[in-house]
Amino acid sequence: MIVRDAPSLPQLLFAIRGSIIVQTAPKILFFTLYAAAILWIDRSLLPLPQVSIAAMGIFGIALSLFLGFRNNAAYDRWWEARKLWGGMIADVRSLARELLVFLGAVPARARVLKTVAAFAHLHRGWLRQSDARAEALRADPAAADFAARRNPPDAALRQIAEVLRAEAEAGRLSDIGRRALSERLASLSLAQAGCERIASSPLPFVYSLLVLRTSYLYCALLPFALIDTAGWFAPLVAAVVAYVFFGLSAVTDELEHPFRDVINGLPLDAMCRVIEIAVAEALDEPAPEPLQPVDGVLS
Amino acid sequence: MIVRDAPSLPQLLFAIRGSIIVQTAPKILFFTLYAAAILWIDRSLLPLPQVSIAAMGIFGIALSLFLGFRNNAAYDRWWEARKLWGGMIADVRSLARELLVFLGAVPARARVLKTVAAFAHLHRGWLRQSDARAEALRADPAAADFAARRNPPDAALRQIAEVLRAEAEAGRLSDIGRRALSERLASLSLAQAGCERIASSPLPFVYSLLVLRTSYLYCALLPFALIDTAGWFAPLVAAVVAYVFFGLSAVTDELEHPFRDVINGLPLDAMCRVIEIAVAEALDEPAPEPLQPVDGVLS
Amino acid sequence: MIVRDAPSLPQLLFAIRGSIIVQTAPKILFFTLYAAAILWIDRSLLPLPQVSIAAMGIFGIALSLFLGFRNNAAYDRWWEARKLWGGMIADVRSLARELLVFLGAVPARARVLKTVAAFAHLHRGWLRQSDARAEALRADPAAADFAARRNPPDAALRQIAEVLRAEAEAGRLSDIGRRALSERLASLSLAQAGCERIASSPLPFVYSLLVLRTSYLYCALLPFALIDTAGWFAPLVAAVVAYVFFGLSAVTDELEHPFRDVINGLPLDAMCRVIEIAVAEALDEPAPEPLQPVDGVLS
Amino acid sequence: MIVRDAPSLPQLLFAIRGSIIVQTAPKILFFTLYAAAILWIDRSLLPLPQVSIAAMGIFGIALSLFLGFRNNAAYDRWWEARKLWGGMIADVRSLARELLVFLGAVPARARVLKTVAAFAHLHRGWLRQSDARAEALRADPAAADFAARRNPPDAALRQIAEVLRAEAEAGRLSDIGRRALSERLASLSLAQAGCERIASSPLPFVYSLLVLRTSYLYCALLPFALIDTAGWFAPLVAAVVAYVFFGLSAVTDELEHPFRDVINGLPLDAMCRVIEIAVAEALDEPAPEPLQPVDGVLS
Amino acid sequence: MIVRDAPSLPQLLFAIRGSIIVQTAPKILFFTLYAAAILWIDRSLLPLPQVSIAAMGIFGIALSLFLGFRNNAAYDRWWEARKLWGGMIADVRSLARELLVFLGAVPARARVLKTVAAFAHLHRGWLRQSDARAEALRADPAAADFAARRNPPDAALRQIAEVLRAEAEAGRLSDIGRRALSERLASLSLAQAGCERIASSPLPFVYSLLVLRTSYLYCALLPFALIDTAGWFAPLVAAVVAYVFFGLSAVTDELEHPFRDVINGLPLDAMCRVIEIAVAEALDEPAPEPLQPVDGVLS
């Protein structure tokens with residue numbers, strides 16, 4: 001995620017990093033040259049047939065609506081993913097507090113909190129399809145037991161349930177306490193399944209097809225409408241239109257998959273660190289530093 | 001559901017599978033030829049009356065807004081359905097954990113978890129109006145008892161309630177435990193009723209009528225506006241407009257019924273498998289493999 | 001509610017039932033003739049002043065936005081009402097399960113479940129301002145006691161609370177059980193109040209005024225813009241515009257009041273039957289058949 | 001709130017009451033005359049410069065979008081406020097039931113229910129910045145104690161907490177009962193704070209500025225675009241545009257503050273009466289009549 | 001936050017304070033002069049190439065849609081932030097009530113409530129990145145202990161958990177009471193994490209880039225379309241367009257960060273005061289005055 005505080009105007013206008021200019025530049029360039037070629041042919045070789053700009057306008061507005069819909073849906077996925085992680089952070093803090101209230105500062109509390117930190121790392125690993133076992137083991141040496149299961153984060157939570165069971169059987173945890181703590185775990189489980197849902201259910205593929213194909217058709221037809229109405233500005237207008245359509249498409253592609261390790265993705269590493277800090281503080285252990293953005297990007 | 005990771009540009013532009021080109025091709029073809037015929041008559045036989053492109057533009061934007069509304073509503077149904085199943089997956093995992101916390105690893109726990117897997121299959125069968133009794137029986141041999149009831153998934157949950165009652169009467173399940181577990185069942189019940197709602201309440205029929213009729217009228221009038229403004233591009237523009245309008249309509253029809261076994265439907269089979277995996281892992285039994293997409297489609 | 005599975009194209013294009021053509025036909029006819037008259041006067045008697053189609057276009061898009069807003073709000077009300085009833089169905093099933101878990105299969109359980117079926121009928125009667133006492137009495141012979149109160153469904157729930165109190169005093173219902181069951185009643189109460197809210201708070205009247213007046217003004221001005229731009233198509237274009245504007249308005253009016261016994265209203269009868277089935281199945285009594293659509297309409 | 005059942009067409013077209021015509025008439029009149037003046041100057045004195053209608057169109061659509069956004073936000077506030085009150089009504093009914101379940105029909109129950117009716121009145125008074133102490137005292141003679149506090153409705157709820165504490169100390173209310181009842185109070189508290197939020201946080205002022213200024217600019221420029229394109233219709237078109245823009249603005253202003261005692265405000269009096277009825281019915285006392293609309297307006 | 005009750009028309013039209021005119025004036029001025037220069041060159045020096053206003057229209061509508069999306073998202077953040085604080089206010093009041101119900105008016109209750117007031121100040125300090133330790137210490141002299149932790153508000157809540165633990169161990173707080181109170185803390189924790197989420201996750205940077213760059217391009221191209229269509233109105237139209245585009249952008253920038261101490265930010269100081277009042281009233285101590293707006297601005 002890009003974290004930039006009040007960038008200056010030149011930064012905003014000419015920033016490369018974080019803009020989607022890199023992915024879209026080839027397409028923009030292509031359609032600019034294409035528009036120039038059409039214009040040159042019409043002026044120098046033979047008059048080409050034309051499409052009225054009004055027809056393109058209607059088409060363009062319809063396309064904007066569909067681009068807008070896809071963009072909206074992608075942004076909602078991104079923001080929901082962030083909400084789920086925010087809820088998990090709150091759950092970890094509440095778990096720490098509730099362990100204190102119902103169990104007291106016993107060893108089992110530390111064990112549970114360390115496992116929950118490992119849970120966060122394993123969950124991140126699952127979402128990014130990367131290997132987070134090292135960090136999980138650093139957070140909780142006992143993570144080896146559950147990190148090899150089919151669904152490691154779920155196994156981590158089940159591991160905590162075992163601890164609760166043991167404490168209850170030892171008479172250290174009341175029935176009400178058991179209930180309170182296992183509801184906290186259920187809340188983590190729900191957030192986990194929510195993230196899995198976003199990660200495993202992309203936007204319906206057919207939208208991408210519909211929008212992309214229509215964008216290409218649009219850009220291919222546009223110069224025929226610009227010959228008369230934009231004259232020598234035609235290549236510029238074609239470039240702007242390509243920038244807006246393909247740019248928004250590229251943004252949508254990034255936000256649609258909020259857990260990927262891309263520049264506009266969510267800072268899962270930094271949020272796992274926030275969880276580690278919450279655990280360390282609750283255990284009165286020295287807390288690690290929060291992750292800092294590198295080049296304005298928080299990973 | 002189509003699961004495709006970063007398809008290449010040619011794939012995106014020329015994919016047949018997953019696009020709605022198959023359903024919409026006849027209409028697109030028809031209106032292309034129709035536009036060509038109108039153009040030919042105007043140029044060769046007799047000048048036809050014309051509609052201004054501006055008038056068609058207004059009409060087109062209004063139509064886009066209504067198509068957009070229907071599309072939005074259909075996508076919301078699809079996504080809500082996915083959320084409900086995601087919540088059910090989390091509930092099953094939490095049920096497994098809570099049975100451990102409140103009952104321990106007793107036989108009743110295994111019985112309940114197997115019944116809940118059968119519940120998932122019966123629920124899927126109800127939603128798809130297909131017969132899922134075989135899978136339900138595989139998951140839980142006792143499923144024969146409740147699979148024949150009017151609402152088999154509800155009967156499965158009631159079956160679990162019987163087990164809880166018996167455990168409570170045998171003194172193995174505390175009052176608080178009873179409450180925690182029966183709330184988990186209520187949460188499954190709520191998700192079940194939510195899915196039933198989506199499956200049994202289609203979008204108001206009148207929207208389909210309104211949108212479809214207006215689309216046909218639009219495509220029938222359009223060529224009279226294109227004669228002058230698009231010239232020889234007229235058939236192409238007509239084809240593009242038909243592609244966008246009927247394409248979006250077809251997408252909407254698929255997403256509106258998220259449980260149907262179509263290419264853009266939800267992968268209920270795969271999600272039932274996820275639930276089976278969660279149950280197997282919780283019981284320390286060998287878990288089946290997750291379902292893999294076949295030709296990029298997860299069923 | 002219209003329940004039609006995949007109607008054929010001719011059905012879609014020419015269906016009368018379920019379309020809003022009946023309500024809107026007079027207006028469409030009027031504005032078609034009006035446009036024809038204007039056109040005839042301009043061509044045969046005296047040239048009339050004209051409005052540019054571009055001006056009408058802007059106006060038309062603004063109007064579409066407001067129509068779209070109202071339509072959205074009405075659909076949201078309809079869908080929320082359906083959600084509330086779906087939640088009530090789930091609550092009844094959960095109540096049946098929870099009575100089993102906390103009370104067992106005692107007579108009080110049957111009494112409560114029958115009262116809850118009467119509750120559903122009385123609630124339906126309140127919402128439709130029709131007399132549902134007969135069905136309520138059929139579901140629960142004791143319904144005569146509470147069906148005469150000011151708010152009969154609320155009185156039904158209070159009746160259940162009396163039963164819970166008596167069971168608790170007789171020592172058959174624990175404190176936790178009392179809490180679980182009274183929360184289920186609270187959930188039904190919340191859904192009931194939600195339905196009352198939708199039934200008693202229509203969309204602000206001023207929107208109807210604003211939209212309707214503007215639609216009439218629009219249709220009255222439109223022919224002056226069509227003389228030049230649509231020529232002999234003018235009456236057709238006027239008819240289409242009237243169809244879209246007044247059609248959408250009529251849909252909005254029906255969906256805005258989801259509980260009315262109209263063709264696009266919610267199938268309250270069928271949903272009360274679903275509740276009766278859930279109660280009968282829970283009590284192991286013979287369950288009635290689900291209601292079937294009559295002529296494709298579920299009441 | 002205006003409660004009108006299916007008004008006839010003439011009523012809809014010519015209703016004054018409930019329309020925003022009164023507030024907007026001066027502006028509409030002004031801009032109609034202004035357009036007529038511009039037209040007259042251009043035709044009779046000297047040709048004026050012109051703006052193309054297309055330019056105004058773009059501007060107009062942008063303005064519609066912003067008006068639409070503000071309208072949406074205001075309607076959401078209005079509807080959320082209604083939802084909060086609907087939730088409070090349900091909470092009062094559930095409180096009555098839960099008091100029965102956990103306390104029985106003891107005097108403390110009546111005391112609590114009377115205080116909760118006073119709470120509703122005091123809350124209404126706070127929201128409308130009017131004095132509701134008389135009604136509060138009528139509902140609960142003990143209201144004098146808390147009606148003078150800084151936040152009277154909150155003090156009313158605290159008063160109920162005192163009663164619960166006393167009952168618990170007297171051994172008449174179990175721990176679980178205490179919890180159930182104090183959660184009901186928390187739910188009322190949340191609704192109260194939600195209403196306070198809506199009442200004290202208007203839509204950001206800057207939107208009003210932006211929209212209003214742009215509307216004035218638009219109406220001032222519009223006649224220069226209408227001279228050629230609407231001819232003698234220009235004053236009429238200007239009037240319609242002013243009606244739509246300022247009318248929607250006026251609606252937004254009313255809905256933005258849903259608690260004000262205006263014609264489109266929420267019927268707080270009637271809802272307080274619904275709460276009084278719920279309390280009376282629960283206590284088996286004679287219930288007052290529901291408030292009836294006066295001239296179609298429910299206050 | 002600007003709190004102005006029914007400003008008069010001149011105030012609305014000419015208010016400087018609260019409008020975003022200050023931030024946007026330079027840009028508006030620049031593009032006005034730029035349009036005038038282009039016009040002058042075209043009329044006096046050499047005819048410039050032109051873009052058709054229709055082309056700019058399409059572009060403009062697309063841009064409006066994206067501006068509208070960003071504005072919507074920013075407003076949603078602002079309103080969600082307000083909701084979270086509103087929920088915290090309700091939580092504090094409910095905490096005060098629940099402490100009374102479960103603990104009684106013991107010293108621990110006062111201690112907890114004072115700590116929760118300190119929590120509010122520390123949370124505000126965290127969100128505004130300002131030092132709120134002085135106010136926190138004033139509210140709770142014991143705040144020094146936790147104000148120095150990494151996450152001071154979370155440490156404040158943990159501090160309360162310690163008190164609950166101690167009370168429970170001393171036998172003054174039942175298990176159910178412990179549960180009720182620690183859930184209240186969890187609710188505060190969730191609101192805190194929600195605010196942190198909004199504060200630390202800005203809208204994706206790429207939207208700002210896309211919108212701003214397109215706005216500049218638009219304003220740079222516009223005069224070439226206005227030469228013919230707006231004539232001497234061209235600079236005025238350019239100014240209006242710049243006002244709308246950059247004005248909305250500036251609003252979005254303010255609302256996107258609802259916790260900043262700017263004129264359209266949330267009144268965190270006033271809401272902390274509301275919490276202090278709730279605490280004082282609950283403890284029967286003299287309550288401070290609510291904060292009053294200064295020059296119509298509540299900080």
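# Salt bridges and surface patches

Biologist: Are R197(B) and E80(B) buried or exposed?
Modeller: This is a predicted model. Buried means under 20% relative accessible area. R197(B) and E80(B) both fall in that class. The state of the two residues is buried.

Biologist: How far apart are the closest N and O atoms of R197(B) and E80(B)?
Modeller: R197(B) and E80(B) form a salt bridge. The pair links distant parts of the chain, with R197(B) in helix α8 (residues 175–200) of chain B and E80(B) in helix α3 of chain B, 117 residues apart. The closest N and O atoms lie at 2.7 Å.

Biologist: Which residue forms a salt bridge with D253(D)?
Modeller: The closest N and O atoms of this bridge are 2.9 Å apart. D253(D) lies in helix α10 (residues 234–256) of chain D and its partner in helix α3 (residues 53–102) of chain D, so the bridge ties together parts 183 residues apart in sequence. The partner is R70(D).

Biologist: Is R70(D) buried or exposed?
Modeller: D253(D) has a relative accessible area of 40%, so D253(D) is partly exposed. For R70(D), the relative accessible area is 3%. The cut-off for burial is under 20%. R70(D) is therefore buried.

Biologist: Which helix of chain E holds both E169(E) and R165(E)?
Modeller: E169(E) and R165(E) form a salt bridge, with the closest N and O atoms 2.7 Å apart. The two residues are four apart, about one turn of the helix. At 57% relative accessibility E169(E) counts as exposed, whereas R165(E), at 16%, counts as buried. The helix is α7 (residues 152–169).

Biologist: How many salt bridges does the structure hold over all chains?
Modeller: Some salt bridges are linked in a network that includes R179(A), E183(A), R179(B) and E183(B). R179 and E183 of chains C, D and E also belong to that network. Over all chains, the count is 115.

Biologist: What is the relative accessible area of D76(B)?
Modeller: D76(B) sits in helix α3 (residues 53–102) of chain B. With D76(A), D76(C), D76(D) and D76(E), D76(B) forms a negative surface patch. D76(B) is partly exposed, with a relative accessible area of 47%.

Biologist: Which residues make the nonpolar surface patch of about 350 Å²?
Modeller: One member, L45(A), is found in helix α2 (residues 21–45) of chain A. L45(A) has 57% relative accessibility, so it counts as exposed. The residues of the patch are W40(A), L45(A) and L46(A).

Biologist: Leaving aside neighbours within four places in sequence, which residues are in contact with R150(B)?
Modeller: R150(B) lies in the loop between α6 (144–147) and α7 (152–169) of chain B. R150(B) counts as partly exposed, at 32% relative accessibility. Its contacts are I277(C), E281(C), A287(C), P288(C), E289(C) and P290(C).

Biologist: How far apart are the closest C-alpha atoms of chain B and chain D?
Modeller: No contact joins chain B and chain D. Chain C and chain E do not touch either, with their nearest C-alpha atoms 11 Å apart. For chain B and chain D, the closest C-alpha atoms lie at 11 Å.

Biologist: How far apart in space are A250(C) and I263(C), C-alpha to C-alpha?
Modeller: A250(C) is placed in helix α10 (residues 234–256) of chain C. A250(C) counts as buried, at 11% relative accessibility. Beyond its neighbours within four places in sequence, A250(C) is in contact with I20(C) and T24(C). I263(C) is 13 residues from A250(C) in sequence, and the C-alpha to C-alpha distance is 12 Å.

Definitions and conventions: Residues numbered from 1 in each chain as written. Chains lettered and ligands numbered in written order. Predicted model: local features only at pLDDT ≥ 70, side-chain atom pairs only at ≥ 80, totals over all residues. Heavy atoms only, no water. Patch = residues over 30% accessible without salt bridge, like charges linked within 9 Å, V, L, I, M, F, W, Y side chains within 5 Å. Areas by Shrake-Rupley, 256 points an atom, 1.4 Å probe, with all protein chains shown as cover. Salt bridge = Lys/Arg side-chain N within 4 Å of Asp/Glu carboxyl O. Lys, Arg positive; Asp, Glu negative; His and termini not counted. Charge placed at Lys NZ, Arg CZ, Asp CG, Glu CD. Buried < 20%, exposed > 50% of the residue type's maximum accessible area, 1.4 Å probe, protein only. Contact = heavy atoms within 4.5 Å.
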